[in-house]
Amino acid sequence: MKRYIVKRLLEMIPTTFGVLVLTFVLFHVVGGSPAEVVLGKNASSEALAAFDALHGYDRPLLAGRWSRIRALGDVPRETLARRPESGLLRLPLTYALPAGRYRVNAGRVLLGLRESATGAADEALVDGPAPLTFAVREGWTAATLDIEGPSAPRVRLEKGNRGLLDSQFVHYLTSLARGDFGLSIEHRLPVAQVLREGVGPSLALTIPILAGGTLVGVMLALLCAAWRGSVTDRAVLVLSTVLMSVNYVVWVLAGQFLLAFKARLFPLWGFESAAYLVLPVLIGIVSGLGRDVRFYRAAILDEVFKPYVRTAQAKGVSGARIMVRHVLRNSLIPIVTYFSLSVPFLFTGSLMLESFFGIPGLGSVSLNAIHSSDMAVVRAVVILGALLYQIVNVATDVCYAWLDPRVRLG
Amino acid sequence: MTASMNIRPNIVGRLWRRWDTRLCLIVILVYAAAAVYGEAVYRTARLTDRTPAYNAVRERSRYVAPAFVRLGAVRARPEDEPLYLLGSDNLGRDVLQRLVQGTRIAFHVGIITSLIAIPLGVLLGCLGGYFGGRTDSVVVWLCATVASMPGLLFILAVAMVVGQGLAGVYLGIGLTTWVSVCRNVRGEVIKHRHRAYVQAAQVLGYRHARLMFRHILPNVTHIILIAFSVRFPASVATEVFISFLGIGVQGEPSWGIMINNARLRLWQGVWWEMTFVTLAIFALVLAFNHVADELRDLLDPALRTEQV
């Protein structure tokens with residue numbers, strides 16, 4: 001048993017790594033520059049660079065000693081202006097280079113330095129084979145940069161990194177390992193705190209939905225299976241296909257409009273007492289019921305034709321007792337699997353229900369974050385959801401192994 | 001495809017023979033025709049550079065009720081006012097025309113996301129199931145990774161990050177839903193891998209690609225057909241949700257956008273836009289779901305709802 005648990009935990013490692021790589025690729029590579037998303041397309045490149053430096057986005061993605069900087073775009077050699085006094089080419093820097101190590105593909109560099117505190121100016125000439133490495137000291141900035149003919153048609157100015165592996169990916173992994181999900185740009189708070197505040201309301205909404213949905217679903221499915229082929233069974237099946245086909249958006253809007261606004265049976269919006277949760281919970285249960293009943297019915301019908309049911313019937317056990325004591329017990333494995341797959345979503349909440357009924361849970365937090373491009377929050381919810389999914393999966397498997405020796409031995 | 005058609009020559013015929021599936025097929029065909037018509041309208045408007053009928057704003061005809069509830073008023077309407085069979089919206093645009101455009105977008109979503117998810121799932125499933133060993137481990141790992149992403153939120157995140165309106169939605173849905181196709185195909189391929197006909201072909205010295213795609217794949221096409229019929233309504237429903245939230249299509253009348261438009265007016269008693277969009281989505285999704293059920297019963301009774 002212990003070996004089985006260890007084995008399943010070890011199997012989590014590659015998948016977790018996969019999840020981290022996937023989220024990294026999605027949010028850091030495909031997503032483009034977070035600075036531009038947050039500050040807008042019209043922000044100055046100096047502000048963008050400051051944002052990058054603050055959040056570590058100025059590092060290379062995976063690994064590397066040098067990374068590109070925003071101070072200089074893609075400049076062809078021919079477009080540079082020649083300085084009359086020195087005969088060097090002036091680079092169109094969009095902001096003064098802060099302290100750090102730099103590399104440029106030219107043979108001679110003249111730095112126009114300025115001390116930040118006093119405003120004192122200085123010049124420094126660096127000579128050598130291209131590409132040339134130079135450093136700007138702490139407390140100084142390089143306001144101008146003149147170079148002698150670059151070795152390539154395009155000038156490349158790069159910033160040095162602290163080490164080969166001082167990359168965004170490594171930084172990403174290490175900060176996640178510390179439980180640091182970054183800062184929410186919208187809330188100006190650590191993401192972890194934003195999420196912690198949302199978990200409670202989400203659970204208050206989702207636990208009743210899951211419990212109620214499972215209870216009603218299994219009961220209807222048992223009835224269907226007991227009277228399989230009857231009018232009741234067919235009616236429930238048709239009804240569940242119909243329920244399944246109603247769009248989720250419609251469930252929420254129609255439920256709120258008809259029951260809360262027109263009929264005034266429930267409060268419309270808010271999160272003040274348990275009464276505010278009744279309607280969203282009802283909508284949550286009904287919208288998922290079609291799919292649930294169909295699944296549970298199929299799982300139970302798999303057992304109904306087994307020989308032990310016939311044996312029980314021959315012994316004279318009553319129909320209800322056969323269904324509950326014999327059939328239901330044996331069909332618990334698929335039912336529990338199905339149930340456990342919903343457990344991670346308990347925490348991430350319900351996007352629509354929470355937003356439309358004003359429940360301050362993780363669902364509405366995530367939806368707001370998506371609308372305001374608050375990447376850190378979206379990323380954190382996605383990662384947490386994925387990790388929870390895996391943990392619940394392992395826990396379910398371990399439970400099976402505990403209940404059924406064939407699982408851990410086979 | 002051809003091989004499975006020879007063994008089961010008459011899937012469509014069998015669906016057609018029953019009244020309920022026949023009705024569903026007719027509904028789907030009507031929607032498909034509407035989608036083709038909508039595409040034609042859309043293309044002509046683009047080519048001639050004119051405002052298409054579904055975007056034509058008429059300030060004087062805002063919130064006109066559907067024609068069939070104002071029979072007398074229809075005859076007395078101004079000369080230049082359209083009929084508004086299903087009413088007009090807040091800008092005097094024809095709800096029916098916009099529904100047709102919504103159908104066009106729904107079919108785009110259903111078909112394009114299938115074209116992303118199904119080939120990807122089939123390819124990976126075939127590779128994993130056929131080669132087994134390390135290849136299979138990689139495929140299983142990929143499936144497990146993507147499967148553990150929190151569904152809708154992940155699709156939204158992909159759509160948000162990719163941006164570009166509908167393209168982001170296609171990618172978001174397509175790249176997250178290939179897993180079930182892959183798992184089913186892989187399971188079937190594993191069943192077939194050691195069968196006599198595959199061994200016979202191996203003995204003949206055929207290459208792996210030929211064994212996989214010419215010999216095994218035709219025997220698992222029913223999985224692909226089922227996957228398509230299940231995916232289509234699901235991705236349509238997802239697109240409605242995403243564009244309702246304002247992340248997908250912009251400026252085009254997707255069903256989700258229409259619902260979002262109609263939502264606010266509903267409180268003021270403008271019921272028609274909401275009702276007809278809801279019915280339009282419902283009928284298409286229901287017809288597809290029912291056909292998918294029957295298709296599954298016909299082709300593979302062992303596959304249950306939850307596995308596709």
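Which are the buried residues of H13(A)? This question opens the legends below, which describe close-up views of a predicted model.

View 1. The buried residues of H13(A) are A:Leu362, A:Gly363, A:Ser364, A:Val365, A:Ser366, A:Leu367, A:Ala369 and A:Ile370. The helix spans residues 362-371 of chain A and is mostly covered, with eight of its ten residues buried. From chain A, the cover over these buried residues includes helix H5 (191-226), helix H11 (332-348), helix H12 (351-357) and helix H14 (375-403). Helix H7 (151-162) of chain B is also among the elements that cover them. Just after H13(A), the residue A:Ser373 has a positive phi of about 55°.

**View 2. The open sheet of chain A.** Five strands of chain A make up an open sheet, ordered E3-E4-E9-E6-E7, with antiparallel pairing. Strand E3 (81-82) and strand E7 (121-127) of chain A are the edge strands, and each pairs on one side only. Within the sheet, strand E6 (residues 108-115) and strand E9 (residues 140-147) of chain A are joined in the antiparallel sense by seven bridges. In this pairing, A:Leu111 stands opposite A:Leu145 of E9(A).

**View 3. The largest nonpolar core.** This core has 147 residues, and those with the most contacts inside it are A:Val249, B:Leu156, B:Ala157 and B:Val277. Helix H5 (residues 95-131) of chain B gives the most to the core, with 15 residues. Leaving out residues up to four places away in sequence, A:Val249 touches A:Met352 in chain A, and B:Val240, B:Phe241, B:Phe244 and B:Ile259 in chain B. Another core, of 21 residues, lies apart from this one; among its residues are A:Leu89, A:Leu97, A:Leu132 and A:Ala142. In soluble globular proteins, nonpolar side chains tend to be buried together.

**View 4. The side of chain B that touches chain A.** Here 36 residues of chain B are in contact with 39 residues of chain A. Helix H6 (133-147), H7, helix H12 (221-244), helix H13 (255-266) and helix H14 (272-299) of chain B each supply at least two residues of this side of chain B. H7(B) gives the most, with nine residues. By class, this side of chain B has 26 nonpolar, six polar and four charged residues. For the complex, the predictor gives an ipTM of 0.86 and a pTM of 0.86.

**View 5. The fold of chain B.** Chain B has 14 helices and zero strands. Its C-alpha atoms fill a box of roughly 80 × 45 × 35 Å along the principal axes. Of the 308 residues of chain B, 46% count as buried. Among contacts in chain B between residues at least 6 apart in sequence, those that join residues at least 24 apart make up 70%.

**View 6. Confidence along chain B.** The average pLDDT of chain B is 87, and 94% of the residues score at least 70. Within chain B, confidence is highest in H5(B), at 95, and lowest in helix H1 (residues 2-7), at a mean of 48. Over residues 1-5 of chain B, pLDDT stays under 50, and the model has six contacts beyond four places in sequence for this stretch. Residues 303-308 of chain B also stay under 50 in pLDDT, and for them the model has 15 contacts beyond four places in sequence.

Note on methods
Residues numbered from 1 in each chain as written. Chains lettered and ligands numbered in written order. Buried ≥ 20, exposed ≤ 12 C-beta atoms within 10 Å, placed from the backbone. Helix = DSSP H or I, 4+ residues; strand = E, 2+ residues; numbered from the N terminus. Contact = placed C-beta atoms within 7 Å. Pairing = 2+ DSSP bridges. Core = buried A, V, L, I, M, F, W, Y, C linked by C-beta atoms within 7 Å. Nonpolar A, V, L, I, M, F, W, Y, C, P; charged D, E, K, R; others polar. pLDDT = per-residue confidence, 0-100.
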